[in-house]
Amino acid sequence: MTDSPAPRRVNVTFSPPTPNGDLHLGHLAGPVLNSDVCARSQKVLGHDVAFATSTDDNQTYVVTTAERLGTTPEALIQHALESVTKSLELAGVDVDLFERPDEDYTAFVRSFFTRLWEHGAFDLREVELPYDADTGEYKAEAFVTGRCPTCLAHARAGVCEACGLYNLPGALLPVTDTASALPRRTVSIWVLDLERHRSLITNWYRTTDVRLRPDLAKVVADTLAGRLPYIPLTYPTAWGITVEWDGPDIQPQAINAWPEIYVGHLYWLQQARLDTQAECDELVQFIGIDNGFYNAFVYVTLALLAARHGMPVPLPRTRTLTNQYYMLEGRKFSTSKGDVRWARDYLEAVGRDRARFVLALTSPELQQAEFSEPIAADTIAARYDAPLTAIVEQLGALTGRHIDATPSPWWDAALQASRRRFEDAYRLENFSVRKAAEAVALHLEVLALRSARIQADDASEVSGALRFLWALRTLAWPITPDLAENISTAFAGPTTVGKAPLLADLSSTPENPFRGLEIPPAPTA
């Protein structure tokens, strides 16, 4: 068996949900479930894990959605916070901290950016932004739609979801009756000029030993191939965290919500560890590819600049794990367009473990994946419910038996092979929820097939089968936590709710006899 790595402090986070609605399956199958499985798996491996994020209240999408729904941004945020919190709980996403920005957070973010501004990290630049003369407002980010000047896909200002590259609000090709077609007006804003900091960025990628997933690696390569863009740090708007860098007589500007996310990760992970000075060995960030540019360039640059200027910002080994889009009948999941299957509805319909299993198995880690409810139902039935039903029935004959004999060589070899599969999936260097879910399916399949041949008087076979089942309590806990708890209950073992079973203890067997495995039936419509 593989030696467990030395314990490390690992921080895990995912892109903060924009509070303009509940989680849909695209969110859950992507960054949310991936980050939860990662945090759980690192706990199983014995690491000290902090797992935290918040809502992304300062995004302009909050304002545009509130306007469309005829409500206020504050009411929308509060409703979304309550909805997302319930969905996370229902999905078994065991986040240490999930809150919304407050006064302390706002002060932390404002102080971070102001200190960098004082060190001259940002530049004042005149830019052209769409301007609505009727309201006296400049339009940016979610207010501005058009065609991406790089790939011609429909896009909003910021990062194009199709090609992953950045575009300024005034650079979009106008579309009729949108803000991008408004007259443009020159205004001074503060920007982060990435080209000015090119050497910092290139040195970071030249010296890191962390491999990027192919889609993010392409964004990095394509961006570095040309002149790096400048990124607005502030916008002339009152929505968001305002700063008065231009003096008391000039209208305050608000910090761009996208760069703010990096500072939010710093803050919430510190809060999760209850230690503002706590450092970690590894930071693992889970994001959709549409956020890849910001993570790969803006967040890296902010971290390096903060460290250069003596700010107490950690620079751990950083892993940014992207996912591609989860498609619903050929369309990208989209709250704003109504192309959704809400996570909560699906979880209630199929059950937590079943949903986690099939979404992990089909997660769009490296390429787009299609969600089809009938196919998902068939997959759950064939690869999860059927083998589990067989296991419950076949091992029922072993009720009252102990794991008190040396397992047969077959069972010993099978367990070693399964453990290697799980460890390979959970190792951060090549972390994969798809591989982990496949390992769960194969473990169940093997146990169901072999258990049908067990002779009750063959102690080595009985012990081998029961030990193989007991091992799944640990190995599958990151993917199917309810199954892990049911297995623990079957042996009257310690609870796994809120406490990870450790891989280092896998060779230990329960003292109590097997009492039979009970699996709740799938919910009925």
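Strands here are DSSP runs (E, at least two residues) and helices are runs of H or I with at least four, numbered from the N terminus; two strands pair if DSSP finds at least two bridges between them.

This is a predicted model, where local features need pLDDT of at least 70 and side-chain atom pairs count only at pLDDT 80 or more, while totals for chains, interfaces and linings use all residues. Residues are numbered from 1 along each chain as its sequence is written, and side-chain values use heavy atoms, with hydrogens and water left out.

An open sheet of three strands runs in the order β12-β14-β13, with antiparallel pairing. Its edge strands, β12 (234-235) and β13 (242-243), each pair on one side only. Across from Val243 you will find Gln253 in β14.

**Cavities and pockets**

Now to the spaces. On a 1 Å grid over the protein atoms alone, a cavity is a set of points where a 1.4 Å probe fits but cannot get out; a pocket is an open set with protein on both sides within 12 Å along at least five of seven lines, and lining residues have an atom within 4 Å of a point. Grid points are joined across faces, edges and corners, and a volume is the space filled by probe spheres set on the points. By this rule there are three cavities of 30 Å³ or more.

| Space | Volume | Residues nearest the centre |
|---|---|---|
| Largest cavity | about 420 Å³ | Tyr262, Leu283, Gln285, Pro316, Thr318 |
| Second largest cavity | about 80 Å³ | Pro16, Ser54, Tyr105, Ile261, Gly264 |
| Largest pocket | about 1200 Å³ | His27, Glu161, Asp290, Lys332, Phe333 |
| Second largest pocket | about 550 Å³ | Tyr138, Tyr235, Pro236, Thr237, Ala238 |

In the second largest pocket, α7 and β14 are among the elements that supply at least two residues each.

By class (Ala, Val, Leu, Ile, Met, Phe, Trp, Tyr, Cys and Pro count as nonpolar, Asp, Glu, Lys and Arg as charged, and the others, Gly among them, as polar), the largest cavity is lined by 18 nonpolar, eight polar and two charged residues. The lining of the largest pocket has 22 nonpolar, 18 polar and 10 charged residues.
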